Amino acid sequence: MNHPTRLLVLTICLLVLTIAAGSLDKNAPQPGFRIYVTNENSGDLSVIDGSTLAVVATIPLGKRPRGIHASPDGKTIYVALSGSPIGGPGVDESKLPPPDRSADGIGVFDVRQGKLLRLIQSGKDPENFDLSKDGRFIVVSNEDDSMATMIDVATEKITKTFPVGEEPEGVKFTPNGKFVYVTSEDTGTISVIDVAARKVLKTFKVGRRPRSVAFLPDGSRAYVNAENDGAVTVVDSVKHEAIQTISLGQPGVIKPMAVLLSPDASKLYVSTGRGHKIFVIDTATNQVSSSFEVGERPWGIALSPDGKTLYTANGPSNDISVVDLASQKVVQKVKVSRGPWGLITLAP
């Protein structure tokens, strides 16, 4: 065999081996992505390697980190930080220390450097927030003063505040970016903010203690948890009104917390706090298709970039459950810091 022929044969062999390796690898865990977890009680961020599930860093953030979202380009993570003392059921709030308002704000975390850069003023006691798809605006729920705050990301300045229901928590832009839904835990309502007009367009009832909102990609419907009803409320997000209630179980036992759509929006995943379970709702029928145990009081939830794995933040046990969605089984639990609350996955 002459030299050019040998070279051609070797090239073809290498090409075949490369294609075969890619085929074998297509179902392997996606390399490179990381899981970021806010730990409310310890005031830090746990960074987990998505392939090895090892905690690769624990980074101080400030007081009570809760809501967490990434910028559209994935270079910045924003975190809601609060100087209000932790209350909750059974806590005598009159005996709590005064709030530290200097700790309130949206933390700006640089992903490449792996550190918190600064704090953006965002009103009192920010609990959660959302970014517009273009990354221009952040809207924050201010739990202590029943307000929502809009921030211009470029200038990092507050541009508008909106009166909403008592104890606001969940915040979500509609897919077209024209409206923002803000849930009120205490009044069981959603306030609809018109982004262009900079005003609250409408407030409507959705169920007791709503905390989280998920919109279908076409913006036709939204799903909202109703924690104290043991249910999920379906919303006509064109008319901005509740149209259906999906019962998950006994109120007080099953306590829906976070709602999250699968990448193709065919399934809605619902964490249930003290219910220890994730419920799966078929969005074509709005019926519960399955449920499975994941851990102690699952709250925040996130999906791997390929949508095949679900992660749950389990506050009391200080860990993250890793769920294989094909089998609906917990395949591993990852220890993090104290009081994991929210989490996101982020590919480089």
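**View 1. Overall surface and fold of the protein chain.** The protein chain exposes about 15,800 Å² (Shrake-Rupley method, 1.4 Å probe), and carbon and sulfur atoms supply 53% of this area. This is a predicted model, in which local features need pLDDT of at least 70 and side-chain atom pairs count only at pLDDT 80 or more, whereas totals for chains, interfaces and linings use all residues. Residues are numbered from 1 along each chain as its sequence is written, and side-chain values use heavy atoms, with hydrogens and water left out. Of its 348 residues, 51% count as buried (under 20% relative accessible area; exposed is over 50%, partly exposed in between; 1.4 Å probe, protein chains only).

**View 2. The salt bridge of Arg 66 and Glu 143.** These side chains meet at 3.4 Å, N to O, in a salt bridge (a side-chain nitrogen of Lys or Arg within 4 Å of a carboxyl oxygen of Asp or Glu). Arg 66 lies in the loop between strand 3 and strand 4, and Glu 143, 77 residues apart from it, in the loop between strand 9 and strand 10. Both Arg 66 and Glu 143 are buried.

**View 3. The salt bridge of Arg 211 and Glu 169.** The closest N and O atoms of this pair are 2.7 Å apart. Because Arg 211 lies in the loop between strand 15 and strand 16 and Glu 169 in strand 12, the pair ties together parts that are 42 residues apart in sequence. Arg 211 is buried at 9% relative accessibility, as is Glu 169 at 2%.

Technical notes
Helix = DSSP H or I, 4+ residues; strand = E, 2+ residues; numbered from the N terminus.
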